[in-house]
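Hello,

Here is the structure I promised to pass on to you. Have a look at it first, and then read on for what turned up in it.

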Amino acid sequence: MQKKRLALFLMFFLLFIFNMKFCYADIYRAHIMGSDVNLRKGPGTNYEVIKSLSLGSAFNLASETLFKSEQDCANGWYKIYYDANSEGYVCSDYVSLTTLVYNATPTTECEKELSEQGFPSTYWPGICELKDAHPKWQFKAMQTGLDWSSAIDNESSCNKSYIASSNPANIDPSCINQYSSTWYPASSTAVAYYMDPRNFLTEQYIFQFEYLKYDLAFENLYIDATTDVIDGAEFYKYHYNIGNKLGNIINDVGKELNVSPIFIASRILQELGNGTALYNLYSGVYSGYENYFNFYNFGVTDSCATTKGTTVCGLSYAKTNNWYGLHA
């Protein structure tokens, strides 16, 4: 049974604020009011289904126009953005609209608090929804001092940012180099979408903005919480069975580096997975690389893995960087 200790944490999120010229015209959000609502390629049930939308999910409108229905859904269809700037149509019968920006003047206590912290009003609705659902969550505006347009231009330079998408709108056609068979140079539109925190103010995506430094206030909770993250994975079971307490080790590393142990554990789980496919990277028993570990899958590039294999690439990287033994 999954433990609940993570819920004890007071979540602290940093949201990046760029120098932008905000206009206060109404921007509409489409909230899905049904379960498994079909998103289609056109305004009618005669169009192909792109995906199903879950109850309570929310999307920005691609157009304020209510499109006349070609088939079924007599009241018309809304066109929304999903997955970066991809567009699809959803029957208006299952949509409730709210305004993302309706007034630059704060009216609620939540809006006043966010305004005082330096959050532009375009952040208020999404953050306040989260705070209503999770009163202990705290949000802080991180003023980057960067110009939005300049930041997007820099991050969109050829072959700097990649995206796993075949949608032409997400791909920069001026860049001919493809990172792999599925990753393409990202267009400025895609980069802008993913760099804008306002597109991710939901329970599912907000954790990418979690505060990642080691917080001494949680020192007595980190080991249990970190263990909760990884205790179902095979790499954790392996080390537990031979007497290694990964929760303690990760906590020590996080404290030394001033990095949240929960973040470290999450990245390890992301790289190693729950199974045994990367056993050689976490077991420390591979011949010629005894007691070397690579919990982060570093050095395992496509080109290296193709010629030398995952194990040799990962453990060679570990040996070069003296990742020997398990200690802080």
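Let me begin with helix packing. Helix 3 passes helix 4 in a right-handed crossing, where right-handed means that the near helix is turned clockwise from the far one by less than a right angle, and left-handed means anticlockwise. Helices here are DSSP runs of H or I with at least four residues, strands are runs of E with at least two, and both are numbered from the N terminus. On the side of helix 3, the contact is made by Trp148, Ala151, Ile152 and Glu155, and on the side of helix 4 by Ser188, Val191, Ala192 and Met195; contact means heavy atoms within 4.5 Å. Six of these residues are nonpolar, one is polar and one is charged. In that count, Ala, Val, Leu, Ile, Met, Phe, Trp, Tyr, Cys and Pro are nonpolar, Asp, Glu, Lys and Arg are charged, and the others, Gly among them, are polar.

Before the rest, a word on the source. This is a predicted model, in which local features need pLDDT of at least 70 and side-chain atom pairs count only at pLDDT 80 or more, while totals for chains, interfaces and linings use all residues. Residues are numbered from 1 along each chain as its sequence is written, and side-chain values use heavy atoms, with hydrogens and water left out.

Back to the geometry of that pair. Two packed helices are described by the angle between their axes and the distance between the axes. For helix 3 and helix 4 (residues 188–195), the angle is about 120 degrees and the axes are 9 Å apart. The axes are lines fitted to C-alpha atoms, for helices over the stretch in contact, and angles run from 0 to 180 degrees between N-to-C directions. Helix 3 and helix 4 are therefore oblique to each other; angles under 35 degrees count as roughly parallel, over 145 as roughly antiparallel, 65 to 115 as roughly perpendicular and the rest as oblique.

Another pair worth a look is helix 5 (residues 219–230) with helix 7, packed at about 125 degrees with axes 8 Å apart. Helix 5 and helix 7 are oblique to each other too, and helix 5 passes helix 7 in a right-handed crossing. From helix 5, Glu219, Tyr222, Ile223, Thr226, Thr227 and Ile230 meet Leu246, Gly247, Asn248, Ile250, Asn251 and Lys255 of helix 7. This contact divides into five nonpolar, five polar and two charged residues.

Is Ser260 buried or exposed? With a relative accessible area of 4%, Ser260 is buried; buried means under 20% relative accessible area, exposed over 50%, and partly exposed in between (1.4 Å probe, protein chains only). Not counting residues up to four places away in sequence, Ser260 touches Tyr211, Leu212, Lys213, Tyr214 and Tyr222. Ser260 is 107 residues from Asp153 in sequence, and their C-alpha atoms are 31 Å apart.

How many disulfides does a search of the whole structure find? There are four, a disulfide being a pair of cysteine sulfur atoms within 2.5 Å. With the bonded cysteines numbered in sequence order, the pairing is 1-2, 3-4, 5-6, 7-8.

- Cys73 and Cys91 have their sulfur atoms 1.9 Å apart. Their link is right-handed, with 90 degrees about the S-S bond, and both cysteines are buried.
- Cys158 and Cys175 have their sulfur atoms 2.2 Å apart. Cys158 lies in the loop between helix 3 (148–155) and strand 10 (162–163), and Cys175 in the loop between strand 10 and strand 11 (184–185), so the pair ties together parts 17 residues apart in sequence. Cys158 is partly exposed at 42%, whereas Cys175 is buried at 8%.
- Cys304 and Cys313 have their sulfur atoms 2.0 Å apart. The torsion about their S-S bond is about -105 degrees, so the disulfide is left-handed. Cys304 and Cys313 are both buried.

Finally, His31 is in strand 2 (residues 28–32) and counts as buried at 14% relative accessibility. Leaving aside neighbours within four places in sequence, His31 is in contact with Ser57, Ala58, Tyr94, Val95, Ser96, Thr98 and Glu129.

Best wishes
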